[in-house]
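Visitor: I would like to learn how to read a structure like this one, feature by feature. Could you walk me through it?

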Amino acid sequence: MKDNQALPQSGWNFDNSYARLPQSLFTPLIPIPVSSPSLAVLNEPLAASLGLNAQALQSPDGVAVFAGNRIPEGAYPLAQAYAGHQFGYFNRLGDGRALLLGEQMTLQGERFDIQLKGSGVTPYSRNGDGRAALGPMLREYIISEAMHGLGIPTTRSLAVVTTGQPIQRETEQPGAILTRVAASHIRVGTFQYIAQWGTIEELRALSDYTIQRHYAEIDSEEKDNRYLQLLQEVTQRQAALIAKWQLVGFIHGVMNTDNMAISGETIDYGPCAFMDTYDPATVFSSIDRQGRYAYGNQPYIGGWNLARFAEALLPLLHEDDAQAVTLAEEALSEYTGSYQRYWLAGMRAKLGIFNEEQQDETLIESLLEMMKKYRADYTNTFVALTLDATESQENDMFGTAEFVSWNELWHARLVRQQESKAASHQLMRNSNPAVIPRNHRVEEALDAAVTQGDYSVMERLLAVLSNPYENTPEQEEYCALPAQTSLPYRTYCGT
Ligand code: AMP
Ligand code: MG
């Protein structure tokens, strides 16, 4: 009894604003308990930033929350309804294997969704078992934390527990639950769901809620068309987000409209992976046979998804249908230019360029062309340029006359700015990650964890990825490319 009293409180402090939205948006539901939960990983820094006590979270009661076996006080678990275009085809969806526990309110007044992924079947499950396998949940943990380390808006991973219950996939896998932390889980598909099956009042309620939660600046300005502003702001955030993906070579893999968060965070890490050899046609996902979600196609798909968002908002944009469409088209037409500006600004930084010159885009494009031609590694090329270490690189590109003349142009370009060489070098260091979660390194970490219960490989990888711009000697080891194989790397949807 005494010991119990001495135990620190976990610090859960829930509000449930989503549950106050129209009921058609969700189904209240208790997670299905699991037989013998065990904590696999806990993100202690994230726990602390959420106002949670890591020690209490690791106690049996704490772990029971991550397993869905215990509902913390103040939580109101629910499965969210949504729809989405999956590979271009519209479907009714929803949390088929996830539950929102509620929103953790931090001492600073921030609000974060706490979601259990893999918590059992829901009314939205359709065919699946509502569960998740350990490998894919650890994979989401690693890649989402790597994205955070890279400074890219993303959902985060607080914990993974194993359930003690094997699940059937191609082979039998250990079952697991991921606790995901997000600005929210409102998706383009959430709007599509209400636009298709709800009322205009419900659509307005969802839009007002989204504005208040993620775009408070619209709220305070009292502009006459706040829904048009919402579309414009979401467009900006997506353009900025996808530019960041492109700049580090991140391939989401399944950019269905249900996997695009209105908050502007990267969400739903399934078949995602980082590109090594530079090639816009790179696809890792086993189910993406047409290359719809290839690296080079991501900016276009971002625009396509935003058009679906705009369609869902039409009834709120104007009472006259034709005028609503005109407003939507005007807003959407900003996307391509905005994306290009974000991308170009990022690329300039990767090359140490501060000011703008007309020919910068040509300089960048010709480097990329060369990288494609010589199958250069995307990340390591920029690291070599940053560290002025092109001579030590194995890739043929660096020895060619083509590269030498490009290099001269680039160096001449760097002189045409006021900033010092040192400042330029620093800008490059801050813009070019020394490490990314390379596929073979991720697989190695997952293999050790899943087959041997050895989490040390994953922990070392996470440590290196948490500070990718540091350029430490330890990171060098993680820059090595995978051994050449005849088989391309393949990723799966992780269901
Ligand atoms: P995703 O491809 O992970 O974005 O998921 C697409 C849809 O399939 C979502 O509605 C998920 O909830 C659902 N889903 C994925 N895996 C499962 C599963 N194991 N059981 C039930 N539903 C699932
Ligand atoms: Mg999804």
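Guide: Happy to! Please keep in mind that this is a predicted model.

Visitor: Let me start with the metal. Which residues coordinate the magnesium ion (ligand 2)?

Guide: To read a metal site, list the donor atoms and their distances. Here the magnesium ion (ligand 2) is held by Asn259 through OD1 and by Asp268 through OD, at 2.0 to 2.2 Å. Water is not among the atoms, so the site may look incomplete.

Visitor: Are asparagine 259 and aspartate 268 buried or exposed?

Guide: Both asparagine 259 and aspartate 268 are buried. For aspartate 268 the relative accessible area is 13%, which is why it counts as buried, the limit being under 20%.

Visitor: Where does aspartate 268 sit in the fold, and what is its phi angle?

Guide: Aspartate 268 belongs to the loop between S12 and S13. Its phi is near 65 degrees, a positive value in a residue other than glycine.

Visitor: On to ligand 1. How many residues surround it, and which are the closest?

Guide: Ligand 1 has 17 residues around it, and the closest are Gly94, Gly96, Asp129, Gly130 and Asn259. Asn259 also coordinates the magnesium ion.

Visitor: What polar atoms lie around ligand 1?

Guide: Look for nitrogen and oxygen pairs. A nitrogen atom of ligand 1 lies 3.1 Å from an N or O atom in the side chain of aspartate 129, and a nitrogen atom of the ligand is 3.2 Å from a polar backbone atom of arginine 131. For asparagine 259, an N or O atom of the side chain is 3.0 Å from an oxygen atom of ligand 1. As for cover, ligand 1 alone exposes 490 Å², and the protein buries 85% of that.

Visitor: Where is the kink in H10?

Guide: H10 has a kink of about 35 degrees at glutamate 311, shortly before proline 315.

Visitor: How many residues of H10 are buried?

Guide: H10 is mostly covered, with 15 of its 20 residues buried.

Visitor: What about other loop residues?

Guide: Place each residue between its neighbouring elements, then read its accessibility. Valine 254 is in the loop between strand S12 (250-251) and strand S13 (273-274), and it is buried, at 7% relative accessible area. Glycine 270 lies in the loop between S12 and S13 and counts as buried at 14% relative accessibility.

Visitor: Which class does aspartate 388 fall into, buried or exposed?

Guide: Aspartate 388, in the loop between helix H14 (378-386) and H15, has 62% relative accessibility and therefore counts as exposed. Its phi is near 55 degrees, a positive value in a residue other than glycine.

Visitor: And what can you say about glutamate 419?

Guide: Glutamate 419 sits in the loop between helix H15 (401-415) and helix H16 (421-431). At 33% relative accessibility, glutamate 419 counts as partly exposed.

Key
Residues numbered from 1 in each chain as written. Chains lettered and ligands numbered in written order. Predicted model: local features only at pLDDT ≥ 70, side-chain atom pairs only at ≥ 80, totals over all residues. Heavy atoms only, no water. Donors = N, O, S within 2.8 Å, 3.2 Å for Na, K, Ca; no water. Buried < 20%, exposed > 50% of the residue type's maximum accessible area, 1.4 Å probe, protein only. Bend = angle between axes of the 7 residues up to and from the residue. Helix = DSSP H or I, 4+ residues; strand = E, 2+ residues; numbered from the N terminus. Near = heavy atom within 4 Å. Polar contact = N/O pair within 3.5 Å; in protein donor to acceptor, adjacent residues only side chain to side chain. Areas by Shrake-Rupley, 256 points an atom, 1.4 Å probe, with all protein chains shown as cover.
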